[in-house]
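Grab a pencil and work through a few exercises with the model open beside you. Each one sets a task and then walks through a solution.

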Amino acid sequence: MTAAGSPDRRRFLTAGAAVLGAAASAQLWLPATARAAATALPEGVFSLGVASGDPLPDGIVLWTRLAPDPLNGGGMPDAAMPVEWELAEDERFRKVARRGTAQARPEYGHSVHVDVRGLRPGRRYWYRFRAGGRLSPVGRTRTAPHPRSSGGELRLALASCQNWQHGWFTPYADMLAQDPDVVLFVGDYIYESVPSATALRRHEGTGEPYTLEQYRNRYAQYRSDPDLAAMHAGAPFVVTFDDHEVDNDFAGEIPQDPAKQPHDAFVARLTAAYQAYYEHMPVRATAVPNGPHIRMHRRLDFGRLARLNVLDTRQYRSDQATTQAGAMDPSLTLLGAAQKQWLLDGLQDSPARWNLIASQIMMAETDLLVGAGKQWFYDAWDGYQAERNRFLKEFRGVRNPVVLTGDRHLTMVSDLKEDFADPASAVVGAEFVGTSISSNGDQDQDAFRREWDPRRADNPHWKLLDAHRGYHLFDIRRDGIDAQVRVVDTVRRQTAVPSTLARLRVEAGRPGVEVV
């Protein structure tokens with residue numbers, strides 16, 4: 001955790017291009033015998049870049065994938081390949097902290113996940129890989145603070161919903177310049193939609209992905225975006241998936257269109273999608289899929305300042321309701337019994353000042369019907385109201401709960417109410433629904449206002465509503481969270497002008513959020 005204006009942060013920003021360059025630091029740091037024994041690989045074997053994720057006080061996950069022909073299955077031989085890795089305390093790799101060799105195996109798309117341990121808490125590190133005589137780009141990462149650390153600052157960026165066909169991922173260029181300690185990505189990393197002839201950037205392939213190779217190709221295309229690649233190399237990510245990593249609006253093992261995707265076929269699709277997801281994300285071995293199942297809900301602590309509970313709101317949910325009565329059915333579950341209890345335990349037993357919940361979908365109510373009555377999005381927490389309401393009641397006994405969300409392609413910042421059916425009920429927390437990186441493209445702002453502003457009177461808990469592309473940036477300290485809504489003027493060009501649309505504040509000990 002580093003203050004925004006610290007010398008460490010400024011040094012990185014001025015030297016960023018060199019740090020993230022592919023082979024700028026091309027020291028041959030392996031023994032000559034190892035280099036001679038390595039199988040020669042073509043240039044571009046590290047075309048998908050490098051990444052790190054899930055920081056612990058003493059550890060970090062380092063990621064890469066060997067793929068000289070990324071849009072055609074990867075282009076690697078059907079054999080394991082040794083990949084050397086190195087992690088250092090300085091960007092010139094003069095003070096090496098750890099190094100070793102991992103195996104890039106064909107059954108996992110020649111991806112590499114190195115769970116490095118024995119590191120110092122709250123430290124910057126630089127890392128790189130080497131395989132077949134080729135050097136990877138250099139990445140920079142950071143461990144979490146010491147478990148007993150209670151002060152300092154955590155700078156967290158919230159991102160979601162990056163549709164290749166809707167625009168360039170330009171918000172990441174500004175995010176990199178803001179130098180977050182960690183990036184939280186809450187879903188829709190890829191979109192499974194078919195290629196569109198009218199898209200700004202056309203999806204690869206000829207249709208939706210169903211097989212493992214097709215999902216690998218789609219991830220490889222997304223990983224080729226230069227701003228996304230640079231951001232992955234610039235800070236650790238904490239990721240979870242929503243629906244488009246598999247199939248729009250799926251629930252458990254139920255697809256959006258069961259008549260067109262029989263159960264066995266959809267289970268095979270889930271199996272392929274989850275494996276490709278694991279292969280392309282900097283996550284630990286606990287996330288290695290078991291067929292159509294993957295463990296993604298997990299908990300990360302940043303000292304005693306913040307606890308981050310990462311949810312999976314897709315894999316264990318009941319099928320979506322289709323009526324208001326169905327949405328209030330107490331038998332419906334979004335999280336499943338085990339994950340629900342895991343979350344409650346983690347909130348109630350937390351030693352942290354701030355208890356953050358990474359939820360793919362919006363928790364606060366969205367009443368779409370102007371005037372009397374209600375109309376909800378059933379795919380969100382509104383469709384699972386009994387379970388949602390139980391958590392909101394529990395929030396009364398939780399220290400400073402804040403929900404961080406995606407999905408909507410809008411900025412929607414809200415107070416969380418104990419009972420949205422009662423306008424006079426207590427405020428028990430805050431929610432930030434982050435806008436999309438590119439999904440929905442450059443939206444017509446006037447049309448958006450005409451559609452959404454009339455609904456604000458029916459949703460008095462909404463504090464901010466906007467439809468620009470971008471992300472949210474949080475500076476978390478003991479006394480409060482200062483949030484910025486960072487937006488760009490366009491995603492239709494490879495460069496964009498960033499700005500701060502709004503600043504918001506959550507005070508410790510005072511539930512809710514205020515626009516500054």
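**Exercise 1.** Is R314 buried or exposed?

Before starting, know that this is a predicted model, where local features need pLDDT of at least 70, side-chain atom pairs count only at pLDDT 80 or more, and totals for chains, interfaces and linings use all residues. Residues are numbered from 1 along each chain as its sequence is written, and side-chain values use heavy atoms, with hydrogens and water left out.

Step 1: Buried means under 20% relative accessible area, exposed means over 50%, and partly exposed is in between (1.4 Å probe, protein chains only).

Step 2: read off the value. R314 has 0% relative accessibility, so it counts as buried.

Step 3: look for a partner. R314 and D379 join their side chains in a salt bridge, at 2.7 Å from N to O. (A salt bridge is a side-chain nitrogen of Lys or Arg within 4 Å of a carboxyl oxygen of Asp or Glu.) This pair links distant parts of the chain, 65 residues apart: D379 is in the loop between strand 14 (354-359) and helix 9 (385-394), and R314 is in the loop between strand 13 (306-310) and helix 7 (324-327). Helices (H or I, at least four residues) and strands (E, at least two) are DSSP runs, numbered from the N terminus.

**Exercise 2.** Find what the salt bridge between R124 and D179 ties together.

Step 1: confirm the pair. The side chains of R124 and D179 form a salt bridge, 3.5 Å from N to O.

Step 2: R124 sits in strand 6 and D179 in the loop between helix 3 (171-178) and strand 10 (182-185), so the bridge ties together parts 55 residues apart in sequence.

Step 3: check burial. R124 is buried at 6% relative accessibility, and D179 is buried at 1%.

Step 4: zoom out. The salt bridge count comes to 38, and there is also a network of salt bridges linking E153, R477, D479, D482, R505 and E507.

**Exercise 3.** Work out how strand 15 is covered and which strands pair with it.

Step 1: take the faces. In a regular strand the side chains alternate between the two faces of the sheet. For strand 15 (residues 401-405), P401, V403 and T405 on one side and V402 and L404 on the other are all buried.

Step 2: find the neighbours. Strands pair if DSSP finds at least two bridges between them. Strand 14 pairs with strand 15 in the parallel sense over five bridges. The chain goes from strand 14 through helix 9 to strand 15, a right-handed β-α-β crossover (with the strands pointing away from the viewer, the path from the first strand over the helix to the second runs clockwise).

Step 3: Strand 17 (residues 427-433) runs parallel to strand 15, joined by four bridges.

Step 4: line up T405. Opposite T405 you'll find S359, and also V433 in strand 17.
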